[in-house]
Amino acid sequence: MENYLDINRKLWNAKVDSHLKSDFYFVDEFVKGRTSLNSIELELLGDIKDKNILHLQCHFGQDSISLSRLGAKVTGIDLSDKSIEAAKKLAQQCETDTQFLVSDVYDLPNVLHQKFDIVYATYGTIGWLPDLQKWAEVIAHFLKPGGKLIFVEFHPVVWMYDDDFTFVKHSYFNNEQIIETNQGTYADPRADLMNEEVSWNHSLSEVFTSLSSEDLLLQSFQEYNWSPYPCFRHIEEVEKGKYQIPQFENRIPLVYSLVAEKK
């Protein structure tokens with residue numbers, strides 16, 4: 001679908017107001033100092049003071065601002081102009097110098113001219129991208145030699161199922177684009193929203209192959225049988241900050257993480 005960017009930009013622009021008001025994003029607490037970073041990514045990041053970080057697909061910037069609060073110099077990008085507008089306002093409220101700009105991931109080398117110590121992307125990002133080879137090229141382009149990709153994502157097994165996790169609906173592999181119209185949003189299922197979206201499933205082998213082809217060497221890889229977010233239908237909290245799908249319990253991975261270093 002040639003106009004997938006326009007469709008998905010409209011989708012994410014429509015979500016912003018609802019997300020800003022949702023408990024899912026706890027904006028009032030965030031402004032007062034609560035971090036949006038989870039234990040998974042905090043462990044991978046380590047000490048980032050004075051590091052230059054590029055945050056891909058940052059939505060309205062909570063993680064970007066949280067990284068700034070840890071002492072990093074952060075640039076967040078997103079294709080949604082309304083998200084970036086909200087991110088800039090949020091950074092002002094939080095009194096950080098986090099930088100934000102509007103860009104599609106693939107077009108970013110044409111609008112940003114800087115190198116980074118870390119490229120950071122987490123949770124629900126690559127599913128909006130049709131071509132992971134181009135994604136890996138962009139990451140390699142922006143990393144300094146010895147720089148690292150810090151990446152956390154929902155496991156591709158999750159995206160195979162229907163919304164109620166009762167049957168396998170989609171291929172594990174990137175065989176086709178997935179075009180759907182969904183009501184509400186993961187942050188507020190009751191939101192008065194109805195939008196078309198275009199996405200793609202990406203297998204782990206596709207992720208690994210695309211990164212290795214750009215001399216991004218895998219340093220760590222972990223799979224987790226829980227999600228830090230209650231963003232799926234019927235999901236339940238099994239211990240504080242850890243959610244599982246009841247019928248699967250701890251038997252399938254919901255999230256994975258990796259660190260890759262540029263040669």
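Visitor: Why is D215 called partly exposed, rather than buried or exposed?

Guide: This is a predicted model, and its computed relative accessibility for D215 is 41%. Buried means under 20% and exposed means over 50%. D215 falls in between, so it counts as partly exposed.

Visitor: Where is D215, and what is its phi?

Guide: D215 sits in the loop between α7 and β8. Its phi is positive, near 60 degrees, in a residue other than glycine.

Visitor: Which other residue has a positive phi without being glycine, and what makes it exposed?

Guide: E95 has a phi near 60 degrees. The loop between α5 (81-94) and β3 (99-102) holds E95. Its relative accessibility is 74%.

Visitor: What makes S203 buried?

Guide: S203 has 3% relative accessibility. The cut-off for buried is under 20%, so S203 qualifies. S203 lies in the loop between β7 (194-199) and α7. Leaving aside residues up to four places away in sequence, S203 touches P156, Y172 and F173.

Visitor: Why is the pair S203 and S205 called a polar contact?

Guide: Their side chains are joined at 2.9 Å. A polar contact needs a pair of N or O atoms within 3.5 Å, so 2.9 Å meets the distance limit.

Visitor: Now α7 itself. Which residues of α7 are buried, and how do you know that they share a side?

Guide: In α7 (residues 204-213), the buried residues are L204, V207, S210 and L211. They cover an arc of only 140 degrees around the axis, which puts them on the same side of α7. An α-helix has 3.6 residues a turn, so residues three or four places apart point the same way.

Visitor: What covers those buried residues of α7?

Guide: The cover includes α6 (132-142), β5 (143-154), β8 (216-224) and β11 (255-262).

Visitor: What is the hand of the crossing of α6 and α7, and which residues make the contact?

Guide: The crossing of α6 and α7 is right-handed. From α6, the contact uses L132, Q133, W135, A136 and I139. From α7, E206, V207, S210, L211 and S213 take part. V207, S210 and L211 are also among the buried residues of α7.

Note on methods
Residues are numbered from 1 along each chain as its sequence is written. This is a predicted model: local features need pLDDT of at least 70, side-chain atom pairs count only at pLDDT 80 or more; totals for chains, interfaces and linings use all residues. Side-chain values use heavy atoms; hydrogens and water are left out. Buried means under 20% relative accessible area, exposed over 50%, partly exposed in between (1.4 Å probe, protein chains only). Helices (H or I, at least four residues) and strands (E, at least two) are DSSP runs, numbered from the N terminus. The arc is that of the directions from the helix axis to the C-beta atoms. Contact means heavy atoms within 4.5 Å. A polar contact is a pair of N or O atoms within 3.5 Å; within protein, one must be able to donate a hydrogen and the other to accept it, and residues adjacent in sequence count only if both atoms are side-chain atoms. A crossing is left-handed if the near helix is turned anticlockwise from the far one by less than a right angle, and right-handed if clockwise.
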